[in-house]
Amino acid sequence: MLPIIFVMPVVQLLVLSFAATFDVKTITVTVVDNSNSPESQRMITELSASGYFEIVSYSASMQEADESMLRGDAQMILGIPSRFGRDLQRIGQGDVQIIINAEDGATAGIIQAYSTRIFASLGQKLRMEEGIIVSNPPVVIISEPRHWYNPGFRYTTYMVPGILVVLVTMIGMFLSSMNVVREKEIGTIEQLNVTPIKKHQFIVGKLLPFWLLALVELAIGLVIARIVFDLPMVGSLFLVFGVAGVYLIVMLGIGLWISTMTNTQQQAMFIAWFFVVIFILLSGLFTPVESMPLWAQQVNRLNPIAYFIDVMRRVMLTGAGLVDVLPQVVSLVVFAVVVISLAVRRHRKVVS
Amino acid sequence: MSVIHVDKLTRRFGAFTAVDAISFTVSEGEVFGFLGANGAGKTTAIRMLTGLLAPTEGVAIVAGFDVAQHPDQVKRTIGYMSQRFSLYEDLTVRENIRFYGGIYGLSDVRIQAKTGELLDKLDLHGAAGYRISSLPLGWRQKLAFSIALLHEPRIVFLDEPTGGVDPITRRQFWEMINAEASTGTTVFVTTHYMDEAEYCDRVSIMVDGKIEALDSPSSLKEQFRADSMNDVFVRLARGGLSAEVSA
Amino acid sequence: MSTFLGFIRKEFFHIFRDRRTLLILFGMPVVQLILFGYAIRNEINDVQVTIVDQSSDVVSTRLVQKILASPYFEAAEHRHYVGDIERGFRRGTIKEAIVIGPGFAERLQRDGHVTIQILTDATDPNTANTILSYTNAIVTDFARDYQPLAGDAALIIPETRMRFNPELKSVILFVPGLIALILMLVCALMTSITITREKEVGTMEILLVSPLRPSQIIIGKVLPYLALSFLNVVSILVLARFTFNVPVRGSVTLLLAECLLFIVCALALGILISTRTSSQQTAMMISLAGLLLPTVILSGFIFPISSMPDVLQYVSHIVPAKWFLRIIRGIMIKGVGIEYVWKETLILTGMTLAFLVISVRNFKIRL
């Protein structure tokens, strides 16, 4: 059991953090260069020099390029018409055709953003170098972006706090619910009931080890996050553990409640799995909560995982203090009180 | 006439010999008790006789078929009931009968007739539509035994059939076994309740993979100058232990 | 034959009498489909933005209005000044802040260019990236409108087309993954559990002693799950088609045939697990950790494999769902035929055969 409790989370943390990334790294491109001019060469060089794009092939025709996309070899097609070089020389502008494989809409959006940016800056460069003078020059609004908290756009920085939440949740919910059901299955719970131990003592005694275990797990996870993923801890560590403590009470309560409803470990596992999957999908771990429809956002008001992920990210990455996360913390405290009292009441009824 | 003929049957697992050259015969209509402590090699022996496990050496002929060469023919002619009663808890009484009748290739008409017969015999008509999980343990056990006999096998193997059952039900169960044997079915039964050995025609006692004694209960008691089969067993087991120590 | 049919009927009794499991079996796909169809989106709308306009002249006001009029942006409730933008980020009330310095209209008129500051909360890099692109597009557009007669600033004009999924709907990407996940769940997890249950309860022994051949026992046990999972696939496809407009552009026959191949692969895995374990608990743990997790994480279901570190990309090669996803995404979304996915199909077939051989061999050894 011990290896499962300690080794599994570490492995999961590492694999999940490395795998769970929407980071767009190398975009494979096939080029149809009908222009074959210095300008088109320049553009291709510029594209591959950006680091985001890799020219995997040159296609003779758009049809051939399309085949390449159908086979999955190229994610993007850059089509340069034959008049491109001439147009640039003569009228100071030329158009190119970009076709992006949009199966994955999010990635497609990013690819578009990158390519547009590269073409725009190449345009500027060409203008300066070639000294192309446009009569009646256009006004320019230059946007000066600053990306706070994660300027290197590292995806792990975003994901790891959320993954830590998932791991802690697994411990809190699965282990606690299965442990109590196991006592039922084996029959030791009857044994405990005939001893003078009080019900609340039983519950505290049962849940406290998992509560501590999960917090230790969180500590180990944070250390790994620091060493392996170079994750910052801008806010207060104390606040992180404080909120985690409250959050765990909620999840342990849910675990206990599930155990009162089920008779076998298998049932407990299935039900816990069912809830956790839905909670995680809605929590904003993978996709921003703001993009969800209103009803999903409303459901999230009852989703402890969503609150905790939000708090973890903001405290760890932006340095939010207690005041900044107060609404979330208050909700978690309310959940904790409600869930634990419901679970304990139901547990008493079932047992006696 | 013998229906089980075993000659120097041996099974090894690596360096460990679970069954060590056992030989015996069982006659038609006999209730043959196969006794021994846990780990003595009973289960391995019974698995070889039922065609579940190939012997390393030796021969076992069951109902005229060599188990090593024709395990499929053997399977058709025997019935089997294991220590856990082996009925499907989420199926009803009738569905269980139907299912087991089906896997032994009984026709629907046969199954219908057999089901009525069986429910009559066990007086279970009222419970035919109940799931097994709602029946008391004693009923399940009798039902499991009757189902093992559904296809009228020549030999029925019972592996620890009375585990965890109260004494009264156990006695009733043995009455069923003896009644079945009187119709000519051979019963091969393993148990570790020594008092049950008294119900058997002949008993073999296995210690550490070998058959240490084989005779009718009364001759065995005489031979070992014991009051009960339990005493016989205790003496045998001690003998086995001292032999091991001296070796 | 009737022996065999009786066996299968029994198996269906087992499935239909376990109401809770049945509910999860059929409820889970529907719930997940709804979540993936409606709630889990990568698209970005209604970004909470605060605009600090220090000019407040006619032109800057028009720019502010233009930004807020777009469907992507929404003004944050609380209006910020420069010094407390950070608080907004920390509270999570804003994702972007745009600062327009003093004298916007004047500078634009006089110098022909002006700089504005765009601050994003980059904790989520992709959102930050997308927000920046949207903002840039709006601002560029504004500049062009401001001076319609000017020559075009952009030298290279990319004309972008989004192939296969012009609306960039994420549900189109997720449905194939969902099918793979459900098939793994029903075929591998459920069969491994049901076979180990027979072992645990002791009925497996009775079956083995009966005249049924081991192959008949196994086929009898898995056939109902094959039928159920096939039903599951068809219902997911129908639901996805009519509720979320997820197309099947290629051949439906080919698609179903490939699904069948994957089902057999998953069943073989389930059998393999059950030959190696003797308790339902262990079977479940192995299935969850060894099959379901990789199917979610390493198959490209949610996260693109090409973005992962090399080690994980290598590991992903042995995940059957990865190949299956490539095949059915090809058929459903790209509308390709077997000539484009034969390689993947071959790999999947090879894997299936290997799993079958290993599990059959294992099953015999266990006798």
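Visitor: Which residues of α9(A) meet residues in α12(A)?

Guide: This is a predicted model, and in it Leu239(A), Val240(A), Val243(A), Tyr247(A), Val250(A) and Met251(A) of α9(A) meet Pro304(A), Phe308(A), Val311(A), Met312(A), Val315(A) and Met316(A) of α12(A). By class, this contact has twelve nonpolar, no polar and no charged residues.

Visitor: Why is α9(A) called roughly antiparallel to α12(A)?

Guide: Two packed helices are described by the angle between their axes and the distance between the axes. Here the axes of α9(A), residues 237–261, and α12(A) come within 11 Å and cross at roughly 170°. Angles over 145 degrees count as roughly antiparallel, and the crossing of roughly 170° therefore makes α9(A) roughly antiparallel to α12(A).

Visitor: How do you know which two chains share the most contacts?

Guide: Two residues count as being in contact if their C-beta atoms, placed from the backbone, lie within 7 Å. By that rule 92 residues of chain A are in contact with 91 residues of chain C. Among the elements of chain A on that side, α5(A) gives the most, with 16 residues, and the side as a whole divides into 50 nonpolar, 27 polar and 15 charged residues. The contact between chain B and chain C takes 19 residues from chain B and 20 residues from chain C, with α3(B) giving the largest share of chain B's side, five residues. That side of chain B has seven nonpolar, five polar and seven charged residues. Of the two pairs of chains in contact, it is chains A and C that share the most contacts.

Visitor: And how far apart are the nearest C-alpha atoms of chain A and chain B?

Guide: Their nearest C-alpha atoms are 15 Å apart, and the two chains do not touch.

Visitor: What makes β5(A) and β4(C) a pair of strands, although they belong to separate chains?

Guide: Two strands pair if at least two bridges are found between them, and β5(A) and β4(C), residues 113–121, pair in the parallel sense over nine bridges. One of the residues involved is Ile141(A), whose bridge partner in β4(C) is Val114(C). Through this pairing β5(A) belongs to an open sheet of five strands in the order β5(A)-β4(C)-β3(C)-β1(C)-β2(C), with mixed pairing. Its edge strands are β5(A) and β2(C), each of which pairs on one side only, and the twist averages 30° from one strand to the next. Within chain C, five bridges join β3(C), residues 96–100, to β4(C), and these strands run antiparallel. Helix α6(C), residues 125–146, lies across β5(A) together with β1, β3 and β4 of chain C, running at about 165° to β5(A).

Visitor: There is another sheet that takes strands from chains A and C; why are β2(A) and β5(C) said to stand at its edges?

Guide: That open sheet of five strands has the order β2(A)-β1(A)-β3(A)-β4(A)-β5(C), with mixed pairing. Since β2(A), residues 53–58, and β5(C), residues 156–163, each have a single partner strand, one side of each is left without a neighbour in the sheet. Neighbouring strands of this sheet are turned by 25° against each other on average, direction ignored. Four bridges join β3(A), residues 76–80, to β4(A), and the two run antiparallel; in this pair, Leu78(A) has Ile98(A) as its bridge partner.

Visitor: Which strands does α3(A) lie across?

Guide: Helix α3(A) lies across β1, β2, β3 and β4 of chain A together with β5 of chain C, and it runs at about 165° to β1(A).

Conventions
Residues are numbered from 1 along each chain as its sequence is written. Chains are lettered from A and ligands numbered from 1 in the order in which they are written. This is a predicted model: local features need pLDDT of at least 70, side-chain atom pairs count only at pLDDT 80 or more; totals for chains, interfaces and linings use all residues. Ala, Val, Leu, Ile, Met, Phe, Trp, Tyr, Cys and Pro count as nonpolar, Asp, Glu, Lys and Arg as charged, and the others, Gly among them, as polar. Axes are lines fitted to C-alpha atoms, for helices over the stretch in contact, and angles run from 0 to 180 degrees between N-to-C directions. Angles under 35 degrees count as roughly parallel, over 145 as roughly antiparallel, 65 to 115 as roughly perpendicular and the rest as oblique.
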